[in-house]
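I opened the model to look up a few side chains, the strand pairing and the packing. My notes follow in the order of looking.

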Amino acid sequence: MKIVAISDTHGYKPDLPDGDVLVHAGDFLGAGNYREMLDFMGWLKKVTPKFKHTLIVPGNHDRWVQANPGIARQELQAIGATLLIDEAIVIEGRTFYGTPWTPIFGNWAFMDLEKDLARKFAGIPDGVDVLITHGPPNGYLDECQVPPVHVGSVSLLQEMDRARPKVTICGHIHEGRGTVDIGYGVVCNVSILNENYKNAGRKAIIIDLS
């Protein structure tokens, strides 16, 4: 199964290769309004035919989705995409689970205190094949450069250690882009824009789920 994974496009429209599953791990909007949502869906409608399945997990910039989850789900479904907010979908025998939540900073969407994040992340099923989170787990691809500090979720890492996903796809921390093996699986930060909100030649990360 070929997974084409992106996140943190913020209105940028990357060229994508064909694949089996397209994953967008959040922050497809900038300010988070419906005008941006319409623009994103216009682009998405053009690229979904390249894939058998398209999975969307919102991020902290995706305010309109948090305010209108039902409408967002319907409108995305109409163009061939599935919105995942703390829920799972099985594709060709593989379980994908999406959750948008990150630790609080500023006044954005899908954020909560760690104690409350722990309750949300407790829904991640054991043995999940692909975990899609907007934010990274603490200590892995989560380091902001100025100042240098790890900002990923501690409770997410704890629940990942329990659930042991084969692949975790995230974004949120633009400068954390990359892939790391954490023993029971890999974590992929697939941010398309860098810390200056520029593309700088970044492309989708391809994951072969065998």
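**Asn-199**

I began with its side chain, which reaches the backbone oxygen of Arg-202 at 3.0 Å. The model is predicted, so I kept to its limits: local features need pLDDT of at least 70, side-chain atom pairs count only at pLDDT 80 or more, and totals for chains, interfaces and linings use all residues. Residues are numbered from 1 along each chain as its sequence is written, and side-chain values use heavy atoms, with hydrogens and water left out.

The backbone oxygen of Ile-192 lies 3.4 Å from a polar atom of the Asn-199 side chain. For a polar contact I took a pair of N or O atoms within 3.5 Å; within protein, one must be able to donate a hydrogen and the other to accept it, and residues adjacent in sequence count only if both atoms are side-chain atoms.

Asn-199 sits in the loop between β14 (186-189) and β15. Helices (H or I, at least four residues) and strands (E, at least two) are DSSP runs, numbered from the N terminus. Is Asn-199 buried or exposed? It counts as buried, at 15% relative accessibility. Buried means under 20% relative accessible area, exposed over 50%, and partly exposed in between (1.4 Å probe, protein chains only). Leaving out residues up to four places away in sequence, Asn-199 touches Tyr-12, Ile-192 and Leu-193. Contact here means heavy atoms within 4.5 Å.

**His-174**

Beyond four places in sequence, His-174 touches several residues, among them Asp-8, Ser-191, Tyr-197 and Arg-202.

**Cysteines**

I searched the whole structure for disulfides (cysteine sulfur atoms within 2.5 Å). The search found 0. Cys-170 is in no disulfide, and the nearest cysteine sulfur, that of Cys-188, is 7.9 Å away. Cys-170 is buried at 0% relative accessibility. Cys-188 is buried as well, at 3%.

**Strands**

I traced an open sheet of 5 strands, in the order β4-β3-β2-β1-β15, with mixed pairing. Its edge strands are β4 (82-83) and β15 (205-208), each pairing on one side only. Two strands pair if DSSP finds at least two bridges between them. β1 (residues 2-6) and β2 (residues 21-24) run parallel over 4 bridges. Val-4 has Leu-22 in β2 as its bridge partner.

I also checked β5 (residues 87-91) and β6 (residues 94-99), which pair in the antiparallel sense over 5 bridges. Ile-89 stands opposite Phe-96 in β6. The hairpin has 2 residues between these strands, and Glu-92 takes a positive phi near 50°.

**Cores**

I looked last at nonpolar cores: sets of buried Ala, Val, Leu, Ile, Met, Phe, Trp, Tyr and Cys residues joined through side-chain atoms within 4.5 Å. The largest has 42 residues; Leu-16, Met-37, Phe-40, Leu-44, Val-65 and Leu-76 touch the most other members. Elements giving two or more residues to this core include β1, α3 (69-78) and α5 (154-163). α1 gives the most, with 6 residues. A second, separate core of 20 residues includes Leu-84, Ile-132, Val-190 and Leu-209.
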